[in-house]
Amino acid sequence: MTQEQSLVILNQIPFKLNLDEQLENQRLVGKQRLIDEFTGIVKEAETLARPKALFLKLDIADRGEDHITIVEKCLTSRVLSVNLADRQEAYPALATCGTEIDEWANSKTNMLHQFWAKSIANAALGIAIAAIETTLHDRFNIQMTSLMTPGSLIDWPISQQTILFDLFGDAARKIGVSLTDSFLMTPLSTVSCLMFESDTRFFSCQLCPKTDCQSRRAAFEEHLFTEKYALDPNNVADNDIACHN
Ligand code: SF4
């Protein structure tokens, strides 16, 4: 199968939010005036948001202690190499809130409304990531996936973002995503990553000691550095970068 043949684009992802969950997240429960305002913003978003995603199913051609190679592209990360040690395939993936909701959020002049709109754009990104996981489950019977994003750990530098985009080729542009010279992506609520089948869920947060992160999804487990990855514990998250783990 060629790279093009292994490409799957998801551009019809339904976008519907759980309002109660959103109100909890925004700590608006019981604040009726704000609830009414926020509900209006959610309704606007639901009419225009078009989250999108793509992924490729590719064989791991080669591997070493601190890298894996896919289609002659070398991804240099000890953590990636260990996490994919028992896998034959990997899934470079790109998920985005979509340009529609991104432009809408940026057009908000009221600061609070813009904050809410950007939170909703992040929720759209979460829906796009979930759509990839569901598709991997439905098409390839993959029960559980994990993902790693370049730049979330020093072990896998953000400059490797360009390798993922080389693999995506023109398909990234087709879902409205572009990569800047400083390795950031637009729209901002976008994630590029390598997905892989896993028996237990891996989060980069497990290897990240950052204490003030609102997005933490798993507890820091310092022992993993030496016990699982044979890494220097100083090999931690780069706190200066935007992390979407
Ligand atoms: S989400 Fe936060 S805790 Fe998790 S890896 Fe990123 S910066 Fe670290």
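This is a predicted model: local features need pLDDT of at least 70, side-chain atom pairs count only at pLDDT 80 or more; totals for chains, interfaces and linings use all residues.
Arg63 touches Ile68, Thr69 and Ser81, leaving aside residues up to four places away in sequence. Arg63 is part of strand S4, which covers residues 62-64.

- Between the C-alpha atoms of Arg63 and Ala230 the separation is 17 Å. Along the chain, Arg63 and Ala230 are 167 residues apart.

**The chain as a whole**
- The chain contains 8 helices and 11 strands.
- Its radius of gyration is 19 Å, close to the 18 Å that the globule rule gives for 245 residues, so the chain is as compact as a globular protein of that length.
- The C-alpha trace spans about 55 × 40 × 35 Å along its principal axes.
- Of the 245 residues in the chain, 36% are buried.
- Taking contacts between residues at least 6 apart in sequence, 73% join residues at least 24 apart.

**Helices H2 and H5**
- Two packed helices are described by the angle between their axes and the distance between the axes.
- For helix H2 (residues 32-48) and helix H5 (residues 111-140), the angle is about 45 degrees and the axes are 10 Å apart.
- H2 and H5 are therefore oblique to each other.
- The crossing of H2 past H5 is right-handed.
- On the H2 side, the contact is made by Phe38, Ile41, Val42 and Ala45. On the H5 side, His113, Trp116, Ala117 and Ile120 make the contact.
- An α-helix has 3.6 residues a turn, so residues three or four places apart point the same way.
- By residue class, the contact of H2 with H5 comprises 7 nonpolar residues, 1 polar residue and no charged ones.

**Helix H4**
- Helix H4 covers residues 99-106, and its buried residues are Glu100, Ile101, Asp102, Trp104 and Ala105.
- These buried residues of H4 pack against H2 and H5.

Methods. Residues are numbered from 1 along each chain as its sequence is written. Helices (H or I, at least four residues) and strands (E, at least two) are DSSP runs, numbered from the N terminus. The radius of gyration is taken over C-alpha atoms; the globule rule is 2.2 Å times the number of residues to the power 0.38. A residue is buried if 20 or more other C-beta atoms lie within 10 Å of its own, exposed if 12 or fewer, and partly exposed in between; C-beta atoms are placed from the backbone. Two residues are in contact if their C-beta atoms, placed from the backbone, lie within 7 Å. Axes are lines fitted to C-alpha atoms, for helices over the stretch in contact, and angles run from 0 to 180 degrees between N-to-C directions. Angles under 35 degrees count as roughly parallel, over 145 as roughly antiparallel, 65 to 115 as roughly perpendicular and the rest as oblique. A crossing is left-handed if the near helix is turned anticlockwise from the far one by less than a right angle, and right-handed if clockwise. Ala, Val, Leu, Ile, Met, Phe, Trp, Tyr, Cys and Pro count as nonpolar, Asp, Glu, Lys and Arg as charged, and the others, Gly among them, as polar.
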